[in-house]
Amino acid sequence: KQWYQRRVRATTIPRRAETANREHNDKDDCFRGEGYGFKASDIRLYFNARLEEDILHHASKCDVAVIAFETVGDLLEVKIICEVLNSKSDLLNEKALSTWVTLTCGTEDTVDTGGSVTSCIEVLAACPQVTGVGVNCTEPHLVAPIIGKIKQVLKDCNAEEKLIVVYPNSGETYLCRGLQDGETDHWKKHSMYEDWKYADAAKEWIESGANIVGGCCRITADDIAELVENLGRV
């Protein structure tokens with residue numbers, strides 16, 4: 001079986017690991033511009049350091065099959081990830097390591113820093129070292145339209161062999177600030193998700209073309225178990 005058709009071990013390389021659906025105090029620094037304010041050279045250094053030969057060798061020895069670049073919310077970061085992966089192509093092939101890159105999106109059209117979702121997908125579609133493309137830690141109602149964008153871009157770029165990977169959060173807003181009067185949790189629920197069920201939504205994502213489905217923040221083991229039970233398979 002291919003790695004995505006069996007139980008596999010994956011490891012993640014996040015950089016900021018912040019969901020796009022977060023809330024700061026007005027006075028706090030919540031910069032969402034290109035590179036989150038970091039220079040391209042700094043971002044490149046970060047990812048190069050995490051894909052050193054000894055690290056990839058150790059990952060391979062531990063039976064890691066997939067390197068996941070997740071919660072990526074910036075077009076510049078997407079471009080640099082692809083540059084670094086290209087420079088490590090021989091090493092990745094030698095260690096039989098696949099990769100996926102998943103975006104965190106504020107809307108169905110924009111990633112966290114305001115860049116185009118479509119532009120990010122186009123860059124990823126053109127990178128031979130990227131095995132899977134998708135979205136994570138994003139509000140669930142955005143997943144289906146983003147899957148549609150991914151499918152269209154992959155088709156246009158003759159890259160339909162790439163997998164579509166989705167694992168959104170629960171749709172709650174993360175409060176990156178001190179709690180205010182009446183607040184008891186750093187996750188704020190929204191009425192639009194009161195009757196929402198992860199397992200039902202996940203089945204729709206699979207039917208829409210997602211190859212790999214999971215959950216990020218606030219999606220529980222029980223949610224995943226219900227999906228597996230409904231599908232009748234892992």
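D63 counts as exposed, with a relative accessibility of 58%, where exposed means over 50% relative accessible area, buried under 20% and partly exposed in between, for a 1.4 Å probe and protein chains only. D63 has a positive phi of about 65° although it is not a glycine, and its place is the loop between α2 (53-61) and β3. Helices (H or I, at least four residues) and strands (E, at least two) are DSSP runs, numbered from the N terminus. The model is predicted: local features need pLDDT of at least 70, side-chain atom pairs count only at pLDDT 80 or more, and totals for chains, interfaces and linings use all residues. Residues are numbered from 1 along each chain as its sequence is written, and side-chain values use heavy atoms, with hydrogens and water left out.

A positive phi is also found at Y36, near 55°, again in a residue other than glycine. Y36 lies in the loop between β2 and α1 (40-50). In contrast to the exposed D63, Y36 is buried, with a relative accessible area of 8%.

β3 belongs to an open sheet of six strands in the order β1-β3-β4-β5-β6-β9, with parallel pairing; two strands pair if DSSP finds at least two bridges between them. At the edges stand β1 (9-12) and β9 (212-213), each with a single partner strand, so one side of each is left without a neighbour in the sheet. Strands of a sheet pair through backbone hydrogen bonds, either parallel or antiparallel.

β3 can be followed to its two partners. With β1, β3 pairs in the parallel sense over four bridges, and here T12 stands opposite A68 in β3. With β4 (residues 98-103), β3 (residues 64-72) runs parallel and is joined by five bridges. I67 has T99 of β4 as its bridge partner, while F69 has V101 of β4.

A second open sheet contains three strands in the order β2-β7-β8, and its pairing is mixed. Its edge strands are β2 (22-23) and β8 (187-188), each of which pairs on one side only. Between β2 and β7 (residues 173-175) the pairing is parallel, over two bridges, and R22 has Y174 of β7 as its bridge partner.

Among the helices, α6 (residues 143-156) has 14 residues, which at 1.5 Å a residue should span 20 Å; its end C-alpha atoms are 20 Å apart, which agrees. The expected span is 1.5 Å times one less than the number of residues. The buried residues of α6 are V143, I146, I147, I150, V153 and L154. Seen down the axis of α6, these buried residues fall within an arc of 130°, so they line one face of the helix; the arc is that of the directions from the helix axis to the C-beta atoms. An α-helix has 3.6 residues a turn, so residues three or four places apart point the same way.

The second largest pocket holds about 170 Å³ of space. A pocket is an open set of points on a 1 Å grid over the protein atoms alone, where a 1.4 Å probe fits, with protein on both sides within 12 Å along at least five of seven lines; lining residues have an atom within 4 Å of a point. The volume is the space filled by probe spheres set on the points. Residues that line this pocket include K189, H190, W196 and R218. Its lining divides into four nonpolar, two polar and five charged residues, where Ala, Val, Leu, Ile, Met, Phe, Trp, Tyr, Cys and Pro count as nonpolar, Asp, Glu, Lys and Arg as charged, and the others, Gly among them, as polar.
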